[in-house]
Amino acid sequence: MDIGRVFATSFAMLRQRFWLLVGMWAVFFAIQLAASIVLGIGMAVLGMAGAAGMGAGIEDPGAIAGLGVGMIVFMVLFYGAYLVIVLAQQAAMVTIASPLEEPSFSAAMTRGFKSALPFFGIAVLMMLGYLALVALMAGVLGAASVGGGTAGSAAAVVVALAFLPLLIFFACRFSVLIPVVAVDQVFNPVAAMRRSWSVTRGKVLRIMLAFLGFFGITLLALGVPFALLFGAIFAGQDNPAAVAGIAIIGVLAIIPLFIIYMMFTSTFTAALHSEVTGGGAETLEEVFA
């Protein structure tokens, strides 16, 4: 695995497919905006229904209970749908950013929505694994601190720190799950996790170094502009008009920067997947053999 090639591919795909990525982001932003409007309307309707039902609820407590259940069902359905949109966006952006895919806008969007439900299954499996890891950590910490006192506290700190490399290890092994599902089209959650585990075997250190480089780019792309913005606001706090102007200009400048950063995140993930799979040369039959 060549770390330099990961970043070279990331920037190359960002440059080559810039407008496709902008278009994909804009489409999903419009979908999310529409969903937010639907949420606002739904909440307003339920609120008016709740206010109207309060009088009936005095004589019929079941009316209020019914409204409460309706509100819960609405919220669950809405946020479930919203999560599908977010997951579909991630999958679609990575698909259109992948050097292993032809740049097709409609195909990437279709692949995005097709990948959303498998991500639900993966999220559930990973949450169960995380809870099991937390339970194991809690048990070990409890055993380490049995003696109490300074020694027990020190042992607990050591155990907690020992779990950090384990979390980093798992993060690296599952770092290409999104493109595995969206690009490789492995829609079975268990099979997708197995493939991610397989293609990252022996590459954890290099993947971690690549993410450190990505973190450095994040600090430069977002951390420095935010620091400059807040520094300028703080310096001009004696002039409210200047602070307002700086804030508006800063936000207007940072928004496109943040969008480009989101696009680069997609190209980086796609490039990392391409690199760990050897440019797609590794077949699924070899992975599942």
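# Close-up views of a predicted all-helix model

**Figure 1. The N-terminal end of helix α7 is capped by Asn 188.** In this predicted model, a side-chain oxygen of Asn 188 lies 3.0 Å from the backbone nitrogen of Val 190. Helix α7 covers residues 189-199, and its buried residues are Ala 191, Ala 192, Met 193, Arg 195, Ser 196, Ser 198 and Val 199. Among the elements of the protein, α7 also has the highest mean pLDDT, at 91.

Figure 2. Arg 195 belongs to helix α7, whereas Asp 184 belongs to the loop between α6 and α7; the two are 11 residues apart, and the pair links distant parts of the chain. Is Arg 195 buried or exposed? Arg 195 has a relative accessible area of 2%, and is therefore buried.

Figure 3. The position of His 273 is within helix α9. Its relative accessibility is 0%, so His 273 counts as buried.

**Figure 4. A salt bridge joins Glu 275 and Arg 5.** The side chains of these two residues meet with an N to O distance of 2.6 Å. Because Glu 275 lies in helix α9 and Arg 5 in helix α1, the pair ties together parts that are 270 residues apart in sequence. Glu 275 has a relative accessibility of 13% and counts as buried, while Arg 5, at 45%, counts as partly exposed. A search of the whole structure finds 3 salt bridges.

**Figure 5. A salt bridge joins Arg 111 and Glu 101.** Here the side chains meet at 3.2 Å, N to O. Arg 111 lies in helix α4 and Glu 101 in the loop between α3 and α4, so this pair ties together parts that are 10 residues apart in sequence. Both Arg 111 and Glu 101 are buried.

**Figure 6. Ser 106 is an exposed residue of the model.** Ser 106 is located in helix α4. Its relative accessible area is 52%; the limit for an exposed residue is over 50%, so Ser 106 is exposed. The C-alpha atoms of Ser 106 and Ile 96 are separated by 9.6 Å, and the two residues are 10 residues apart along the chain.

**Figure 7. The largest nonpolar core has 51 residues.** Which residues have the most contacts inside this core? They are Leu 21, Met 24, Phe 28, Ile 122, Ala 192, Phe 268 and Leu 272. The elements that give two or more residues to the core are α1 (3-16), α2 (18-59), α3 (61-97), α4 (105-144), α6 (177-182), α7, α8 (204-235) and α9 (240-276). Ala 192 is also among the buried residues of helix α7.

**Figure 8. Phe 268 is shown with its contacts from elsewhere in the sequence.** When neighbours within four places in sequence are left aside, Phe 268 is in contact with Val 6, Phe 7, Ser 10, Ala 210, Phe 211 and Phe 214. Phe 268 is one of the residues with the most contacts inside the largest nonpolar core.

**Figure 9. Gln 32 is a buried residue of helix α2.** The relative accessibility of Gln 32 is 13%; since buried means under 20%, Gln 32 counts as buried. Its contacts, leaving aside neighbours within four places in sequence, are Tyr 82, Ile 85, Val 86 and Gln 89.

**Figure 10. Helix α10 has the lowest mean pLDDT among the elements of the protein.** This helix covers residues 284-288 and has a mean pLDDT of 39. Over residues 281-289 the pLDDT is below 50, and this stretch has 14 contacts in the model beyond near neighbours in sequence. For the protein, the mean pLDDT is 77, and 69% of the residues reach 70 or more.

**Figure 11. The protein has 10 helices and 0 strands.** Buried residues account for 34% of its 289 residues. Of the contacts with a separation of 6 or more, 79% are between residues 24 or more positions apart. The protein exposes about 15500 Å², and carbon and sulfur atoms supply 76% of that area.

Note on methods
Residues are numbered from 1 along each chain as its sequence is written. This is a predicted model: local features need pLDDT of at least 70, side-chain atom pairs count only at pLDDT 80 or more; totals for chains, interfaces and linings use all residues. Side-chain values use heavy atoms; hydrogens and water are left out. Buried means under 20% relative accessible area, exposed over 50%, partly exposed in between (1.4 Å probe, protein chains only). Helices (H or I, at least four residues) and strands (E, at least two) are DSSP runs, numbered from the N terminus. A polar contact is a pair of N or O atoms within 3.5 Å; within protein, one must be able to donate a hydrogen and the other to accept it, and residues adjacent in sequence count only if both atoms are side-chain atoms. A nonpolar core is a set of buried Ala, Val, Leu, Ile, Met, Phe, Trp, Tyr and Cys residues joined through side-chain atoms within 4.5 Å. Contact means heavy atoms within 4.5 Å. A salt bridge is a side-chain nitrogen of Lys or Arg within 4 Å of a carboxyl oxygen of Asp or Glu. Accessible areas come from the Shrake-Rupley method with a 1.4 Å probe; for residues, only the protein chains shown count as cover. pLDDT is the predictor's confidence in each residue, from 0 to 100.
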